[in-house]
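Biologist: Please take me through the labels used for this model. I would like each one set against its cut-off.

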Amino acid sequence: MVNSRVETSAVAVTGGSGGAVRSCAGCGGGISDRFLLFSMDRYWHTRCLKCSCCQAQLGEIGSTCFSKGGMILCRNDYIRLFGHSGACNACGQSIPASEMVMRAQGNVYHLKCFTCATCRNRLVPGDRFHYVNGTIFCEHDRPGGALLSSHLTPLQNNTLLPDQKVC
């Protein structure tokens, strides 16, 4: 089950079978509950199909779940970990579940792709950066940086977001 492919699976709620007792993919126990879940081609107790990150019971919070890198995830945690598409916002390539990533404004990047748009230097944890209209700039290359001196008040409609620090 460990792979970097994303599977989106519907969580179907079905009634327990009258004669045959099905085994739960989560705990291995027999399912004699009135309702059981069918997801990713397996049966689950409603209490056993949980998000690997937040432990939310997936049958209770929606009708879809995501599977990537051996993890079963709710929609919110999938987006938090892998972005909306599971792809790097800079290059568009898939991001393997085991790979470390950089994040900015809800977007996810490969480490090698998290670079300044002007000088192409890679930003690392601890570096300050600016995110302007979806583009990443290092502290030195931020647009309008020369116009903002310490004794001037920035314009109210400034398009620059506050300084951000890579965590």
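Predicted model: local features only at pLDDT ≥ 70, side-chain atom pairs only at ≥ 80, totals over all residues.

Modeller: Residues are numbered from 1 along each chain as its sequence is written, and side-chain values use heavy atoms, with hydrogens and water left out.

Biologist: Why is Thr 115 called buried?

Modeller: Buried means under 20% relative accessible area, exposed means over 50%, and partly exposed is in between, with a 1.4 Å probe and protein chains only. Thr 115 has 18% relative accessibility, so Thr 115 counts as buried.

Biologist: Where does Thr 115 lie, and which residues does Thr 115 touch?

Modeller: Thr 115 is in the loop between strand S10 (107–110) and strand S11 (128–132). Helices (H or I, at least four residues) and strands (E, at least two) are DSSP runs, numbered from the N terminus. Leaving out residues up to four places away in sequence, Thr 115 touches Arg 120, Asn 121, Arg 122, Leu 123 and Ile 136. Contact here means heavy atoms within 4.5 Å.

Biologist: How many disulfides does a search of the whole structure find?

Modeller: The search finds zero. A disulfide is a covalent bond between the sulfur atoms of two cysteines; the criterion is a pair of cysteine sulfur atoms within 2.5 Å. For Cys 119 the closest cysteine sulfur is that of Cys 116, at 3.7 Å, which is too far for a bond. Cys 138 is also in no disulfide, with the sulfur of Cys 116 as its nearest, 3.7 Å away.

Biologist: Are Cys 119 and Cys 138 buried or partly exposed?

Modeller: Cys 119 is partly exposed at 31% relative accessibility. Cys 138 is buried, with a relative accessible area of 11%.

Biologist: How do you know that the pair of Phe 114 and Phe 129 is edge-to-face?

Modeller: The ring centres of Phe 114 and Phe 129 are 5.4 Å apart and the planes are at 80°, so the pair is edge-to-face. Phe 114 lies in the loop between S10 and S11 and Phe 129 in strand S11, so this pair ties together parts 15 residues apart in sequence. Ring pairs link Tyr 109, Phe 114 and Phe 129 into a cluster.

Biologist: Which residues of helix H2 are buried, and what do they pack against?

Modeller: In H2 (residues 75–82), Asp 77, Tyr 78, Ile 79, Leu 81 and Phe 82 are buried. The buried residues of H2 pack against S7, strand S8 (71–73), strand S9 (101–104) and S10.

Biologist: What is the phi of Asp 41, and why is Asp 41 called exposed?

Modeller: Phi of Asp 41 is positive, about 65°, although Asp 41 is not a glycine. Its relative accessible area is 69%, so Asp 41 is exposed.

How values were computed: Phe/Tyr/Trp six-rings, centres within 6.5 Å; stacked < 30°, edge-to-face > 60°.
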